[in-house]
Amino acid sequence: MKLTTKSRRWKVLNYVVSEPGEWTCREIASDLDDSFHGVTEAMIALEKNGMILKGEKVGRSRALIPTPKGVEALYRAL
């Protein structure tokens with residue numbers, strides 16, 4: 001998966017790497033003023049590529065956690 005610093009996937013991964021376990025898709029969408037659906041699609045793609053994992057439950061959502069592969073991919077994209 002190719003990440004660019006302007007892509008939604010990169011933005012979601014940036015949130016997750018910056019503060020592991022602190023953000024959910026809903027919170028990221030709200031903070032970015034983006035659609036929940038779009039952020040969820042980005043999260044699913046990142047999860048399928050082994051870059052993030054779903055962590056503890058926060059309300060109806062799950063906190064997102066980066067994997068070492070996700071951290072490496074984020075910094076490679078810079």
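This is a predicted model: local features need pLDDT of at least 70, side-chain atom pairs count only at pLDDT 80 or more; totals for chains, interfaces and linings use all residues.

Colleague: Let's move to the helices. How do α2 and α3 cross?

Modeller: Helix α2 covers residues 25-32 and helix α3 covers residues 36-48. Their axes come within 9 Å and cross at roughly 125°. That angle is why α2 and α3 are described as oblique to each other.

Colleague: Which hand does the crossing of α2 and α3 have, left or right?

Modeller: The crossing of α2 and α3 is right-handed.

Colleague: Which residues meet there, α2 against α3?

Modeller: From α2 you have C25, R26, I28 and A29, and they meet F36, V39, T40 and M43 of α3. By class, the residues of that contact of α2 with α3 divide into six nonpolar, one polar and one charged.

Colleague: C25 is on that list. What else does C25 touch, not counting residues up to four places away in sequence?

Modeller: C25 touches F36, V39, T40 and M43, and also L64. C25 is placed in helix α2 and has 7% relative accessibility, so C25 counts as buried.

Colleague: How far is C25 from M1?

Modeller: Their C-alpha atoms are separated by 20 Å, and C25 and M1 are 24 residues apart along the chain.

Colleague: Which residues of α2 are buried?

Modeller: C25, I28 and A29 are the buried residues of α2. Looking down the axis of α2, they fall within an arc of 100°, so the buried residues line one face of the helix.

Colleague: Why would residues with that sort of spacing point the same way?

Modeller: An α-helix has 3.6 residues a turn, so residues three or four places apart point the same way.

Colleague: Fine. What covers the buried residues of α2?

Modeller: The cover includes α1, residues 8-18, along with α3 and β2, residues 61-66.

Colleague: Now α1 and α2: at what angle do they pack?

Modeller: About 115°, and the axes of α1 and α2 are 11 Å apart. So α1 is roughly perpendicular to α2. The crossing of α1 and α2 is right-handed.

Colleague: What meets what in α1 and α2?

Modeller: K11, V12, Y15 and V16 are the α1 side, and they meet I28, D31 and L32 of α2. Sorted by class, the contact of α1 with α2 has five nonpolar, no polar and two charged residues.

Colleague: Staying with α1, which of its residues are buried?

Modeller: W10, V12, L13, Y15, V16 and V17 are buried in α1. The buried residues of α1 pack against α2, α3, β1 (52-58), β2 and α4 (68-77).

Colleague: Tell me about L13. What does it touch, not counting residues up to four places away in sequence?

Modeller: L13 touches L3, L46, M51, I52, G70 and L74. L13 belongs to helix α1, and L13 counts as buried because its relative accessibility is 0%.

Colleague: How far apart in space are L13 and M51?

Modeller: 8.0 Å, C-alpha to C-alpha, and L13 and M51 are 38 residues apart in sequence.

Colleague: Is D33 buried or exposed?

Modeller: Exposed, because D33 has a relative accessibility of 73%.

Colleague: Last one, G38: where is it, and is it buried or exposed?

Modeller: G38 is in helix α3. G38 has 4% relative accessibility, so G38 counts as buried. Between the C-alpha atoms of G38 and T5 there are 16 Å in space, and the two are 33 residues apart in sequence.

Colleague: Great, thanks!

Conventions
Residues are numbered from 1 along each chain as its sequence is written. Side-chain values use heavy atoms; hydrogens and water are left out. Axes are lines fitted to C-alpha atoms, for helices over the stretch in contact, and angles run from 0 to 180 degrees between N-to-C directions. Helices (H or I, at least four residues) and strands (E, at least two) are DSSP runs, numbered from the N terminus. Angles under 35 degrees count as roughly parallel, over 145 as roughly antiparallel, 65 to 115 as roughly perpendicular and the rest as oblique. A crossing is left-handed if the near helix is turned anticlockwise from the far one by less than a right angle, and right-handed if clockwise. Contact means heavy atoms within 4.5 Å. Ala, Val, Leu, Ile, Met, Phe, Trp, Tyr, Cys and Pro count as nonpolar, Asp, Glu, Lys and Arg as charged, and the others, Gly among them, as polar. Buried means under 20% relative accessible area, exposed over 50%, partly exposed in between (1.4 Å probe, protein chains only). The arc is that of the directions from the helix axis to the C-beta atoms.
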